Amino acid sequence: MSNKKVIIEFKNVAKSYGKGEAKTHALNGVSFDIKQGEFVSIMGASGSGKSTTMNMIGCLDTPSSGEYVFDSINVEKLNRNQRAIIRRNYLGFVFQGFNLLGRTSALENVELPLIYRKVPLQKRKSMALEALKKVGLESVVHHTPAELSGGQQQRVAIARAIVTNPLVLLADEPTGNLDSIKSLEIMNLLKKLNEEFGITIIMVTHEEEMAQYSSRIIYFRDGHIEDSLKKGFK
Amino acid sequence: MLSNAFLIAIKEIRKNILRSILTILGIVIGVASVIGMVMIGDGTTANVQQGIQKLGTNMLTLRVGQERRGRAKSSNSARPFENADIATIKSEISNVSAVAAENSSNINVIYSNKSYTSSVVGTSNDYFIIKNWNLSSGRIFDESELNYGTASCIVGSTIVKQLFEGEDPVGLKLRLKNFSCNVIGVLESKGAAAFGRDQDEIIITPLQMFQRKIQGNKDISSIIISINESKNIKQAKKDITLLMQERRDIKPDEDDNFHIRDMEDLLSTMTSTTKMLTYLLGSVAAISLLVGGIGIMNIMLVSVTERTKEIGIRLAIGALESEVLLQFLVEAIVLSTLGGIIGILLGLVIGNIGVSVMGLPLIINTQIIITAFIFSTFIGVIFGYFPARKAAQMNPIDALRYE
């Protein structure tokens, strides 16, 4: 694993919000890197800077200072649209609240990123079906989110995230809204995607049990990295 | 990129069909009511204009006595006109195409065992020209009938209906007062005039006969004059006034003991009244268009929570701000245009039913249709687009968390 390419590199990244007296520092000069094929968990209490880090990795937010290199691109120099293109081409997102489009079938939800990539209709359908198969939902492709359980909705969200074959899958508390059985199903699915398809996964969680599925855990505290553990899979 | 946005927009509209219907409902009702109301208003105006034109175009009416508003001062005391006045007007005034006396009286007329009270007019053949009367059967008066005052008459369609049960009465005899009268012609129907008076309830007789057998004297109380072109009416009015002042020996410091009215005065008064009606109906409808606009705004604002989340999702998975905006713009345009088109069709249907029920002519006012359409589309686009623009400029993370 050590000879794999580094795809995410934080160099002394800091982030602060507000101005003057009200200025708060969410991140104080954080440096780390993540290699291709890793499954990294980011842990920490709320306000520790883990979500800020996640948003920055996902190109949804920009550093106040420091450098963020994604696949040899300096993200901090990019504008809003250029960052959207990075998201479109290289990243997949899974959120705590699933964030599927309502009244839209699972298949259409999964097709959505492909539409913005201008993939032609027929190819789009087959790619979306394949992604839904990977997450084990081939039987409910025409169901809308309201007709699916929480675990199934999160699987649709994962299918939507992987349908574009992203370099990195970003999961923000993916099991936060699920019961323990469903949570384990989702974690097993993520582990499978990481192992079988080699997708790099970065996951934010506050549950130690879920973090145990990853190959490495980075602990955040008060805006800096407290500890970084490399470990074998559970 | 445009076809892509169009595709996504159509998908969203179809998926959220209830929201889409609610959005366009306001536009539909607004546009439909404006078009329907204006059609009814325009129909009323046209109806009044046509009614007045049926009374006779380019017509001047010369009457004895002063024109008075409200209660008329007894005009009987004023000197009546004479037969010679008619001939003089015809020969001395330029641009006059026809002049006729119009003596009339309401008389009980009898045929067989039926009786009916009708307006009977004593006049000459010029009367048919001035009042735009055509005959549906029979003939107009000949020279000898006019000169000797033969008891001949030409009847309106109401008389045919009431006394002759719709049969052609030419050749039959009608009883007026204490003498009988040969029916020689039937007038074409004109229908009710603008004031609801039945114009077809009329019997036309030669002036000579009318003066002798009905009136009992040689007086003429009213003369109607037809002017060849409407632009000459004002001048003719002046010329006739001068002529009559001279013939009736009116000194410069005396008031006239006659007056002339033209149909233009009447027409403009009546049309300005009905135009007011159109404006009134139109503005009531415009308020409903505005309320419709507010309805659109409400639906758009209510759905903005849901839509903000949608925008956040789209942005997070890699949509550009411009792509999201284009999608919302296309959605707003499609919905508003659709609403506008349905509104126009519905408005035309409502207007059509309205005018046919009220028996008005059908007038389609393209200008109002276009204005209502543009206005509604504009409202739809503004209220659909700007909340979306605000959302699309948000940070995707904030948009996703928006509650």
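Author: We can start with a term: two residues are in contact if their C-beta atoms, placed from the backbone, lie within 7 Å. Keep in mind that this is a predicted model.

Reader: OK. Which residues of α3(B) meet α8(B), then?

Author: From α3(B) they are D85(B), T88(B), I89(B) and E92(B). Their partners in α8(B) are I240(B), L243(B) and R247(B). By class, that contact has three nonpolar, one polar and three charged residues.

Reader: How do the axes of those two helices cross?

Author: The axes of α3 (residues 83-92) and α8 (residues 233-247) of chain B come within 11 Å and cross at roughly 140°.

Reader: What do I call that?

Author: Oblique. Angles over 145 degrees would count as roughly antiparallel, and α3(B) and α8(B) are therefore oblique to each other. The crossing of α3(B) past α8(B) is right-handed.

Reader: What else does α3(B) lie across?

Author: Two strands, β2 and β10 of chain B; the helix runs at about 175° to β2(B).

Reader: What sheet are those strands in?

Author: An open sheet of four strands in chain B, in the order β2-β10-β1-β11, with antiparallel pairing. Its edge strands are β2 (96-101) and β11 (258-262), each pairing on one side only. On average, neighbouring strands are turned by 20° against each other, direction ignored.

Reader: How many bridges join β2(B) to β10(B)?

Author: Five, and the two strands run antiparallel. As one place to look, V96(B) stands opposite I227(B) in β10(B).

Reader: Switching to chain A. How do α5(A) and α6(A) cross?

Author: The axes of α5 (residues 150-162) and α6 (residues 180-197) of chain A come within 9 Å and cross at roughly 20°. Angles under 35 degrees count as roughly parallel, so α5(A) and α6(A) are roughly parallel to each other. Their crossing is right-handed.

Reader: Which residues make the contact?

Author: On α5(A) they are G150(A), G151(A), Q154(A), R155(A), I158(A) and I162(A). On α6(A) they are K182(A), E185(A), I186(A), L189(A) and L193(A). The contact divides into five nonpolar, three polar and three charged residues.

Reader: Last one. How many residues of chain A are in contact with chain B?

Author: 20 residues of chain A, and they contact 18 residues of chain B. The elements giving two or more residues to chain A's side are α2 (80-90) and α3 (106-116) of chain A. α2(A) gives the most, with six residues. That side of chain A has 10 nonpolar, four polar and six charged residues.

Notes:
Residues numbered from 1 in each chain as written. Chains lettered and ligands numbered in written order. Predicted model: local features only at pLDDT ≥ 70, side-chain atom pairs only at ≥ 80, totals over all residues. Nonpolar A, V, L, I, M, F, W, Y, C, P; charged D, E, K, R; others polar. Axes fitted to C-alpha atoms, helices over the stretch in contact; angles between N-to-C directions. Parallel < 35°, antiparallel > 145°, perpendicular 65-115°, else oblique. Left-handed = near helix turned anticlockwise from the far one by under 90°. Pairing = 2+ DSSP bridges.
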